[in-house]
Amino acid sequence: MVTDTTHAVMATDANTTGNLPLATSQRSSRCAPHRAHTRRQAGSDAGTTGQTDGYPHLRQAVADLPDAPGVYLFHGQPGDLPLYIGKSIHLRSRVLAHLRAPDEARMLQQTRRIEHIRTAGELGALLLESALIKQQQPLYNRKLRRNRQLCAWQVVPGSPLRLQLAAAQTVNFATTPQLYGLFASRHAATEALQALADRHGLCLSVLGLEKGVPGKACFRHMVKRCAGACCGQTSRAAHDARTLAALTDMQLVCWPFAGAVALLEVCPLDPQFVQYHVVRNWCYLGSAPNLAQARQLDAVAAGFDADGYKIVCKPILHQQTPIIEL
Ligand SMILES: [Zn+2]
């Protein structure tokens, strides 16, 4: 079976889903789908058919998926927002895994059409998936769905050490130093700090998480979980130093460039297919097939993006991918 025609149709559809928070003129370059010219092996159809038995209406759509990196979208009724958006470096295998999952039967019965957008590799797939989920809020995506009330612990300058909760809405997480997180809520931030205190013998009253009587041992000191900064058994300076050391692992990294950068990703299956993923202040601005179009994406305004931070922090800090400053 020849799939080139189908791909052309898919590619057209893909453009319509690319309306990320961008100026209209930039949409096509932002997530320009790659028109894969993969011809499937005749033998692979048999396996696909077997696994789509419960969903005959999806058989052709699954057969048309390439076994390559990208993002897939399960669409329900025309005009509705997608039911589910996912990513994989093996699109077809991943979608087949959905068909085998009994608890996903309801979603798949509602699915009328499966769309895919090729990316050069995993990084592009992660970034595009995260951006599309945030933008389109599919019914069945649990993670990444809402704009969470992101917060982090911030060290207040001066001594002795004092921590306060900083919210991403008011503090620029990409450029503010001495932030530790990220947390999806104040509750999560407090729980994390309590867990840290338990592991390192820190005092909750000294940290400001509970009220204490000055100079008097706290309850947790009596049960040997606080080393006694509250009652002078250990000095405040030692307590503060231990707190900072304990927090180190969760310190947020300030954006290490003057402006935007492009992360170059080359498709391992097809070295001709390259993408420049544009990121500024840890926020994904889009992907482009060349540097000229990548520079146009840099014009987009963007704040801090926690998902972008999580996705590109490691590739940038460990220089796992070529980085071009724009
Ligand atoms: Zn204490």
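Predicted model: local features only at pLDDT ≥ 70, side-chain atom pairs only at ≥ 80, totals over all residues.
Visitor: Okay, so what span should H13 have, and what does the model give?

Guide: Helix H13 covers residues 306-317, and its 12 residues should span 16 Å at 1.5 Å a residue. The end C-alpha atoms of H13 are 16 Å apart, which agrees with that expectation.

Visitor: Which residues of H13 are buried?

Guide: The buried ones in H13 are Ala 306, Asp 307, Gly 308, Tyr 309, Ile 311, Val 312 and Ile 316.

Visitor: And what covers them?

Guide: Among the elements that cover the buried residues of H13 are helix H7 (122-136), strand E6 (179-183) and strand E8.

Visitor: Tell me about H7, then. How many of its residues are buried?

Guide: In H7, 12 of the 15 residues are buried, so this helix is largely enclosed by the rest of the structure. The buried residues include Leu 123, Gly 124, Glu 129 and Lys 134. From its first C-alpha to its last, H7 reaches 21 Å, close to the 21 Å expected at 1.5 Å a residue.

Visitor: How do H7 and H13 sit against each other?

Guide: Two packed helices are described by the angle between their axes and the distance between the axes. The axes of H7 and H13 come within 9 Å and cross at roughly 170 degrees. Because angles over 145 degrees count as roughly antiparallel, H7 is roughly antiparallel to H13.

Visitor: Which residues make that contact?

Guide: On the H7 side they are Leu 123, Leu 126, Leu 127 and Ser 130, while H13 contributes Asp 307, Gly 308, Ile 311 and Pro 315.

Visitor: What comes just after each helix?

Guide: Just after H7, Gln 137 takes a positive phi of about 45 degrees, and just after H13, Gln 319 takes a positive phi of about 45 degrees.

Visitor: Switching topic: where is Gln 275, and is it buried or exposed?

Guide: Gln 275 lies in strand E8, which runs over residues 274-280. Gln 275 is buried, because it has 28 other C-beta atoms within 10 Å, and 20 or more is enough to count as buried.

Visitor: Which residues does Gln 275 touch?

Guide: Leaving aside neighbours within four places in sequence, Gln 275 is in contact with Thr 119, Ala 120, Gly 124, Glu 265, Ser 287 and Pro 289. Gln 275 and Gly 121 are 154 residues apart in sequence, yet their C-alpha atoms are 8.7 Å apart in space.

Notes. Residues numbered from 1 in each chain as written. Helix = DSSP H or I, 4+ residues; strand = E, 2+ residues; numbered from the N terminus. Contact = placed C-beta atoms within 7 Å. Expected span 1.5 Å × (residues − 1). Axes fitted to C-alpha atoms, helices over the stretch in contact; angles between N-to-C directions. Parallel < 35°, antiparallel > 145°, perpendicular 65-115°, else oblique.
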